[in-house]
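Please work through the exercises below with the sequence and the 3D structure at hand, and try each task before you read its solution.

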Amino acid sequence: MGALRDTAQLDDVFAEILASVEDLTDETVRKIAADEAGYVENRLPPDLLRALVRANIEAVLRAESGGPDDGDETARWTGRVKAEHGVPLPALLHAFRLGGLEIWEWAIARAGTGAQATTLLQRSSRFWAVLDRFSTAATEAYRQVADDRERQEEAARRIMLLGVFEGTSRATGLPRALGLPDHASYRVVVGELGPDGADPLPGIAARLAALHVPSVWTTELGERLGLLAQTGESETAATLRVLGPAAARVGVSRPFTSPAGAPEALRQARIALECVPRSGTGVHCHGTAPIDALLAAHPASAAELGADVLGPLLAGEDGGRALLATLDAWFAADGSTAEAARRLHCHRNTVLYRLSRIAELTGRTPTRPADAAELYAALRAHRLGAARSFPAPSAASTAEPRG
């Protein structure tokens with residue numbers, strides 16, 4: 001009976017505090033404002049802060065004085081409001097702790113000593129459990145608002161970024177709105193998504209940020225599109241190293257200095273991506289292989305060139321693999337048959353024979369500059385995959401040797 005009497009008296013203590021809620025609210029608000037700059041910096045109106053504090057204090061005191069335990073919705077309202085005003089989550093939780101401490105100190109002062117004070121101490125776990133439940137409800141509501149806002153901001157950035165790539169965004173301060181510096185050397189990056197939609201550059205934004213290279217990314221129609229900003233030439237090599245481990249084909253544009261250059265840069269990046277063989281992976285920068293870029297930009301013409309020039313080779317039993325490898329090695333060796341033989345691990349005479357066979361089948365002599373140019377361009381088209389579906393040559397189209 002004594003324990004029940006002490007518990008009832010504690011309920012009266014909390015009811016007494018509830019009757020003085022205005023003074024308790026003022027003291028709690030003063031401490032929150034003094035301890036948390038987040039409330040001042042984020043311009044939460046003082047009257048609104050006080051209303052939130054008062055509502056939550058009342059909810060706790062009602063639960064502790066035997067009244068309705070309905071503070072979860074009040075806590076959720078608090079979480080939503082503070083998220084909408086940009087109050088940091090740690091500041092929200094700290095305010096709940098300060099409010100709880102203030103209520104507890106008032107309860108200790110009114111419980112006095114003896115049995116009632118002992119009962120209050122025994123009841124502390126219940127008190128802090130209620131406060132923890134309310135702060136958890138506030139946190140969940142806060143995160144829901146923050147997540148919704150992040151999704152909205154991400155959607156807005158995506159629309160803005162696509163507008164930059166399409167050349168339709170004309171708003172001032174575009175880089176800053178995308179989280180990029182106003183004055184920088186920009187590049188567009190295009191990565192090819194995997195067959196299952198896998199990101200070709202996972203975690204790329206964070207890895208670039210570690211190099212102090214800000215970037216913004218989106219995914220559109222099978223491509224991972226990025227716009228990144230570099231403020232110094234020294235960052236270029238480091239950026240390419242970060243992009244390098246890509247498990248897909250990736251193209252990078254030339255640098256440009258104004259958002260107005262983004263559409264052309266996107267075109268360059270897409271061409272650069274096509275300069276990576278379709279069966280391979282890696283990063284290619286536009287401008288580093290002009291012939292490859294020309295072929296990639298005109299795939300139909302590249303396929304026609306390949307069919308006209310290399311068709312007779314590809315019609316062989318092994319698909320012309322040995323002859324193509326020899327031609328590739330010979331070009332890589334700057335026309336040295338001895339070096340080409342070393343690269344191919346065969347005799348120099350074998351290289352000479354295969355070059356003669358290439359001339360016989362294609363009607364183009366590799367040592368003749370004009371013929372060599374056609375052979376090289378057709379070979380690059382084949383390696384890039386632009387001419388991977390060459391039609392088999394007909395009897396009428398079989399090339400005759402030229403002089």
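The model is predicted, so local features need pLDDT of at least 70 and side-chain atom pairs count only at pLDDT 80 or more, while totals for chains, interfaces and linings use all residues. Residues are numbered from 1 along each chain as its sequence is written, and side-chain values use heavy atoms, with hydrogens and water left out.

**Exercise 1. Find the buried residues of α17 and the helices against which they pack.**

A residue is buried under 20% relative accessible area, exposed over 50%, and partly exposed in between, with a 1.4 Å probe and protein chains only. By this rule V351, L355, I358, A359, L361 and T362 of α17 are buried. The buried residues of α17 pack against α14 (299–314), α15 (321–332), α16 (337–344) and α18 (369–384).

**Exercise 2. Describe how α16 and α17 meet.**

First take the axes, which are lines fitted to C-alpha atoms, for helices over the stretch in contact, with angles from 0 to 180 degrees between N-to-C directions. The axes of α16 and α17 come within 8 Å and cross at roughly 105°. The two helices, α16 and α17, are therefore roughly perpendicular to each other, a term that covers angles of 65 to 115 degrees.

Next take the contact, meaning heavy atoms within 4.5 Å. On α16 it involves T337, A338, A340, A341 and L344, and on α17 it involves R348, V351, L352, R354 and L355. These residues of the contact of α16 with α17 divide into seven nonpolar, one polar and two charged.

**Exercise 3. Which strands pair with β1, and in what sense?**

Two strands pair if DSSP finds at least two bridges between them. Strand β1 (residues 185–192) pairs with β3 in the antiparallel sense over eight bridges, and V188 has L227 of β3 as its bridge partner. With strand β4 (residues 249–252), β1 pairs in the antiparallel sense over three bridges, and there V190 has G251 as its partner. Seven of the eight residues of β1 are buried, so this strand is largely enclosed by the rest of the structure.

**Exercise 4. Where are H212 and D334 found, and are they buried or exposed?**

H212 lies in the loop between α10 (204–209) and β2 (215–220), and at 66% relative accessibility it counts as exposed. D334 is found in the loop between α15 and α16, and D334 is exposed too, with a relative accessible area of 74%. Although H212 is not a glycine, its phi is positive, about 65°, and D334, also not a glycine, has a positive phi of about 55°.

Key
Helix = DSSP H or I, 4+ residues; strand = E, 2+ residues; numbered from the N terminus. Parallel < 35°, antiparallel > 145°, perpendicular 65-115°, else oblique. Nonpolar A, V, L, I, M, F, W, Y, C, P; charged D, E, K, R; others polar.
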